Amino acid sequence: MKFLHISDLHLGKRINEFSMMEDQIFILNQILEIAQTRQADGVIIAGDIYDKPVPPAEAVKVFDLFLTKLADQKIKVFAVSGNHDSPERIAFGAQLMNRRGVYVSPVYDGNAAKVVLTDDYGELHLHLLPFLKPAIVRHVLEKERNEEELPQSYHEAVKAAVDRIEVDTEKRNILIAHQFVTGAGRCDSEDVSVGGLDNVDAEIFEAFDYVALGHIHSPQAVKRETVRYCGTPLKYSFSEAGQAKAAVVVECREKGQVILDTAPLVPLRDMRSIRGTYMEVTARSFYENTNTEDYLQITLTDEEDVPDGLAKLRTIYPNLMQLVYDNSRTRQNQTIEMAEGVQQKSELELFKEFYELQNNQPMSQEQEEFVRKLMEE
């Protein structure tokens with residue numbers, strides 16, 4: 001049995017006011033092609049299907065078409081809701097979709113949905129566990145346990161939910177979940193719980209042959225190779241600029257034998273960071289062999305800000321998302337305090353002190369003369 005493990009599609013996402021919809025459609029078509037080429041029996045989607053609980057209509061339409069194409073190819077789908085999703089909306093029409101081989105996690109009621117598949121090696125059980133907060137699990141368990149026995153932390157809540165799953169350890173078991181497992185490395189584009197309070201320990205997944213995780217945007221294994229985040233199919237922050245995105249190919253043979261591989265995902269537009277002076281990054285020799293349509297963060301090293309720099313650079317790099325400066329002014333964050341002896345200093349002297357505090361360098365003679373002339377006028 002072979003599966004394609006993906007997660008964190010974040011359909012409908014906007015980055016720096018740029019819509020990612022076209023890029024997302026492109027990568028979903030690529031995932032569909034990989035599923036066909038690799039002869040996958042199913043596609044696992046480990047949460048954060050949409051970027052918002054109430055997604056835009058276009059995002060819903062795109063996901064609907066993606067599921068339909070997979071179902072038409074007889075490729076099953078196993079999806080859970082993530083922290084960005086509305087579990088009620090994701091679960092809508094679940095019974096109807098089951099008939100086409102599309103299985104989605106229901107709203108959590110104390111039980112994780114289970115799908116049983118069969119191949120030459122026997123039964124394979126897939127358990128669908130949506131994103132859980134402690135309050136959700138406490139609400140489910142409050143009729144069964146005393147107040148002091150109810151889970152308080154994310155770890156306790158997810159452990160209680162996993163413990164309620166009836167796992168036949170003689171069979172092969174895959175868990176699909178969307179949580180932050182302790183030890184996983186994070187990116188800037190993720191929602192972070194203050195103090196890391198959303199941690200759950202990987203040891204609670206011991207009974208499962210493979211754990212298909214979502215929520216962390218960087219591809220990585222946690223504690224063991226078969227507890228794995230596949231990462232996002234696209235880069236959603238410049239902290240991910242150096243990453244190579246891929247879908248994880250999971251092949252389950254006999255009990256205890258899980259073969260893992262990756263299928264590279266090539267975006268319509270890459271997300272890159274470049275740096276240099278304004279003259280350097282606008283030189284034809286600098287950009288002529290690169291894709292200027294990529295999403296870019298440009299760091300200018302000029303000491304003086306370039307007037308209307310963002311608009312000027314977008315004539316060459318139309319998808320420039322961020323413009324930042326790295327110079328003596330930005331490298332040091334000095335605290336600007338009340339100038340001493342205000343009454344004893346001229347306006348020009350005060351302005352020069354202020355300028356130096358702001359920019360970490362004194363005014364030039366030309367700037368001083370310019371300010372002096374303005375004050376005199």
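**Entry 1: β8 and β9**

I started with strand β8, residues 122–128, and strand β9, residues 172–178. The two strands run parallel and are joined by five bridges. I am working on a predicted model. Within this pair I picked out L126, which stands opposite I174 of β9.

Next I looked up the sheet around them. It is open and has six strands, in the order β7-β8-β9-β12-β14-β13. The pairing is mixed. I noted β7 (113–119) and β13 (220–222) as the edge strands, each of which pairs on one side only. From one strand to the next the twist averages 30 degrees.

**Entry 2: α5 against α6**

I then turned to helix α5, residues 134–141, and helix α6, residues 154–163. How closely do the axes of α5 and α6 come, and at what angle do they cross? I found an approach within 9 Å and a crossing of roughly 50 degrees. The two helices are therefore oblique to each other. I logged the crossing of α5 and α6 as left-handed.

Which residues make the contact? On α5 they are P134, V137 and L141. On α6 they are Y154, A157 and A160. I sorted the α5–α6 contact by class: six residues are nonpolar, with no polar and no charged ones.

**Entry 3: the other sheet**

I moved on to the sheet that holds β1. Six strands make up this open sheet, ordered β6-β5-β4-β1-β15-β16. Its pairing is mixed. The edges are β6 (102–104) and β16 (258–264), and each has pairing on one side only. Ignoring direction, neighbouring strands here are turned by 20 degrees against each other on average.

Strand β1 (residues 2–6) and strand β15 (residues 246–252) are antiparallel and share four bridges. I looked for the bridge partner of F3 in β15 and found V250.

**Entry 4: helices on that sheet**

Which strands does helix α1 lie across? I traced α1 (residues 21–37) over β1, β4 (42–46) and β16. The helix runs at about 160 degrees to β1. Helix α2 (residues 57–72) also packs on the sheet, and I found it touching β1, β4, β5 (76–80) and β6. The direction of α2 makes about 150 degrees with that of β4.

I compared the two helices directly. The axes of α1 and α2 come within 11 Å and cross at roughly 10 degrees. They are therefore roughly parallel to each other. For the contact I listed M21, I25, L28, N29, I31 and L32 on α1. The α2 side has E58, A59, V62, F66, K69 and L70. By class I have nine nonpolar residues, one polar and two charged in the α1–α2 contact.

**Entry 5: salt bridges**

I finished with charge pairs. Side chains of opposite charge can pair when their charged atoms come close. With a cut-off of 4 Å between the side-chain nitrogen and the carboxyl oxygen, the count comes to 19 salt bridges. One of the pairs I looked up is D23 with R269, where the closest N and O atoms are 3.1 Å apart.

Where do D23 and R269 sit in the chain? I placed D23 in helix α1 and R269 in the loop between β16 and β17 (271–276). The two residues are 246 residues apart, and the pair links distant parts of the chain.

Note on methods
Residues are numbered from 1 along each chain as its sequence is written. This is a predicted model: local features need pLDDT of at least 70, side-chain atom pairs count only at pLDDT 80 or more; totals for chains, interfaces and linings use all residues. Side-chain values use heavy atoms; hydrogens and water are left out. Axes are lines fitted to C-alpha atoms, for helices over the stretch in contact, and angles run from 0 to 180 degrees between N-to-C directions. Angles under 35 degrees count as roughly parallel, over 145 as roughly antiparallel, 65 to 115 as roughly perpendicular and the rest as oblique. A crossing is left-handed if the near helix is turned anticlockwise from the far one by less than a right angle, and right-handed if clockwise. Contact means heavy atoms within 4.5 Å. Ala, Val, Leu, Ile, Met, Phe, Trp, Tyr, Cys and Pro count as nonpolar, Asp, Glu, Lys and Arg as charged, and the others, Gly among them, as polar. Two strands pair if DSSP finds at least two bridges between them.
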